[in-house]
Amino acid sequence: MLCFHMTILAFCKVYSLNLWQVTTEDGYILSLKRIPHGVSKTENTTRIPVLLFHGLMVDSVSWVLGTPKQSLGFILADGGFDVWFANTRGTNSSRNHTSLTPDDPEYWNWTWDQLAAYDLPAVLQHVYDHTGGQKVHYIGHSLGTLIILAAFSEHRLLHLVRSAVLLCPIAYLYKTKSKLTRLATQILLAEAFHFLGYREFNPVGPVSHEILLIICGDPEIDCYDLFTAVMGPDCCLNASTVCNFLQHATQSTSIKNLIHMSQMIRYEGVRRYDYGNAKENMKHYNQPRPPLYNLSSIPTHVPMFLTHGGQDFLGDVPDTRHLLNTLVRTHDSDNMEVLYVPDYAHADFVIGYNAPQLVYGPMVDFLQRH
């Protein structure tokens with residue numbers, strides 16, 4: 001995570017933000033950033049670690065786009081936590097591999113299945129090992145929520161996690177309200193580009209341009225405001241933060257990952273990647289259909305703070321309520337807290353100017369109780 005404008009650069013120096021690396025079992029070399037203390041610079045080995053895991057097509061810079069009073073990363077550091085930021089494979093600071101380069105098609109042969117199976121455990125274990133064996137508070141946004149839910153559903157990583165905060169959880173996507181996303185899914189757009197040999201998707205690259213040329217031909221798609229068309233009408237963003245976000249936070253993902261996300265919209269349920277035919281699925285899973293991630297099997301004792309917005313197109317209300325019904329029905333009441341913000345859309349939870357009051361305050365209270 002590079003600090004860009006002079007004001008942000010100054011904040012990063014004050015907070016002593018530093019860099020670590022971790023290598024996954026399948027060879028990806030990931031960048032981790034750390035803020036070990038707040039502005040007081042009081043070294044305290046009892047600080048509880050927090051890992052922040054970003055969403056789809058962004059990286060960890062999204063957590064520090066504003067001032068220390070606005071950005072969750074700085075707020076947590078000043079609140080007494082040892083703050084770590086993950087960067088998934090394929091993002092600008094995590095493009096190294098033990099044997100591949102991003103120019104190799106095989107480098108992009110992954111979906112969020114691999115993020116849950118390799119990236120997430122690698123960074124969680126690293127934070128755990130480098131903070132004295134303390135369990136870690138986990139905060140995920142969007143895709144960052146999906147991978148922790150997938151891991152928990154298989155009873156993995158429970159020994160490393162103290163609690164989980166889910167900002168705009170995207171588990172069930174069957175009823176997503178984004179017309180742009182639904183159209184791309186219906187016409188198998190990601191599959192088509194994969195068939196043509198494309199493997200990397202950069203949201204500001206040539207493949208994205210070609211996709212928009214196709215999508216924007218539909219009169220029902222508003223391509224004048226792509227931010228809203230994909231994520232919903234955010235209520236509480238200021239222009240400078242959005243500009244910083246679009247300039248510095250947008251990052252690549254794999255076309256295969258977009259196919260997997262499309263499958264989640266096309267079919268109900270949360271499954272592993274579908275290879276498209278029974279023979280290939282049998283080869284990978286020993287069954288003709290991809291296995292389900294059974295979210296109802298998530299242990300009920302794991303403390304969870306879940307917050308979602310009424311205007312979110314990706315983590316839309318019906319799909320989120322489906323997730324809540326799955327989790328809350330059996331979850332220990334003392335370990336589950338739900339916060340609904342009617343005016344919020346997808347990005348408000350990370351870069352909204354009033355998120356510190358509406359979301360982060362209750363979140364920090366939750367973390368301190370657990």
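**Figure 1. Gly310 sits in a loop of this predicted model.** The loop runs between S10 and H12. Gly310 has a relative accessible area of 12%, so Gly310 counts as buried, the limit being under 20%. Leaving out residues up to four places away in sequence, Gly310 touches Lys177, Val317, Tyr340, Val341, Pro342 and Tyr344. Gln287 is 23 residues from Gly310 along the chain. The C-alpha atoms of Gly310 and Gln287 are separated by 38 Å.

**Figure 2. UniProt lists Ser142, Asp312 and His346 under "active site" in an unreviewed entry.** These residues span 205 residues in sequence. Yet no two of their C-alpha atoms are more than 10.8 Å apart, so they gather at one spot. Which of them belong to the lining of the largest pocket? Ser142 and His346 do.

**Figure 3. Ser142 lies in the loop between strand S6 (136-141) and helix H4 (143-153).** Is Ser142 buried or exposed? Its relative accessibility is 5%, so Ser142 counts as buried. Set aside neighbours within four places in sequence, and Ser142 is in contact with Gly55, Leu167, Cys168, Ile170 and His346.

**Figure 4. Asp312 occupies the loop between strand S10 (304-309) and helix H12 (317-328).** Its relative accessibility is 0%, and Asp312 therefore counts as buried. Which residues does Asp312 contact, beyond its neighbours within four places in sequence? They are Cys168, Lys177, Met231, Tyr344, Ala345 and His346. Cys168 and His346 are also in contact with Ser142. Lys177 and Tyr344 also touch Gly310.

**Figure 5. Helix H12 has 12 residues.** From its first C-alpha to its last, H12 reaches 15 Å. That is close to the 16 Å expected at 1.5 Å a residue. The buried residues of H12 are Val317, Asp319, Thr320, Leu323, Leu324, Thr326 and Leu327. What do these buried residues pack against? They pack against H4, S10 and strand S11 (336-341).

**Figure 6. Helix H10 covers residues 255-266.** At 1.5 Å a residue, its 12 residues should span 16 Å. The end C-alpha atoms are 16 Å apart, which agrees. Of the 12 residues of H10, 11 are buried, so H10 is largely enclosed by the rest of the structure. Among the buried residues are Ile255, Leu258, Ile259, His260, Ser262 and Ile265.

**Figure 7. Thr185 is found in helix H5.** Thr185 has a relative accessible area of 4%, so Thr185 is buried. Not counting residues up to four places away in sequence, Thr185 touches Ser262, Ile265 and Arg266. Ser262 and Ile265 are buried residues of H10.

**Figure 8. The largest nonpolar core has 92 residues.** Which residues have the most contacts inside this core? They are Leu51, Leu76, Trp112, Ile139, Leu149, Met304 and Met363. Met363 touches Leu72, Ile139, Val165, Leu167 and Phe305, not counting residues up to four places away in sequence. A second, separate core has 17 residues. Leu180, Leu183, Ile215 and Ile259 are included in this second core.

**Figure 9. The largest pocket holds about 1,100 Å³ of space.** How many residues line the largest pocket? There are 40. Closest to its centre are Leu56, Met57, Phe201, Pro203 and Val230. Several helices each supply at least two residues of the lining, including helix H5 (179-186), helix H7 (206-215), helix H9 (239-249) and H10. Helix H13 (348-351) is also one of these helices.

**Figure 10. The model has two cavities of 30 Å³ or more.** The volume of the largest cavity is about 90 Å³. Its lining is made of 14 residues. Gly66, Gln70, Thr241, Val350 and Ile351 lie nearest the centre of the largest cavity.

**Figure 11. A UniProt record places the feature "domain: AB hydrolase-1" at residues 49-175.** The entry is unreviewed. Over residues 49-175, the chain is 28% helix and 20% strand. The end C-alpha atoms of residues 49-175 are 35 Å apart.

Terms used. Residues numbered from 1 in each chain as written. Predicted model: local features only at pLDDT ≥ 70, side-chain atom pairs only at ≥ 80, totals over all residues. Heavy atoms only, no water. Helix = DSSP H or I, 4+ residues; strand = E, 2+ residues; numbered from the N terminus. Expected span 1.5 Å × (residues − 1). Buried < 20%, exposed > 50% of the residue type's maximum accessible area, 1.4 Å probe, protein only. Core = buried A, V, L, I, M, F, W, Y, C linked by side-chain atoms within 4.5 Å. Contact = heavy atoms within 4.5 Å. UniProt positions renumbered as here; feature names shortened; annotations may be inferred. 1 Å grid on protein atoms, 1.4 Å probe; cavity = no way out; pocket = protein on both sides within 12 Å on 5 of 7 lines; lining within 4 Å. Points joined across faces, edges and corners; volume = space filled by probe spheres on them.
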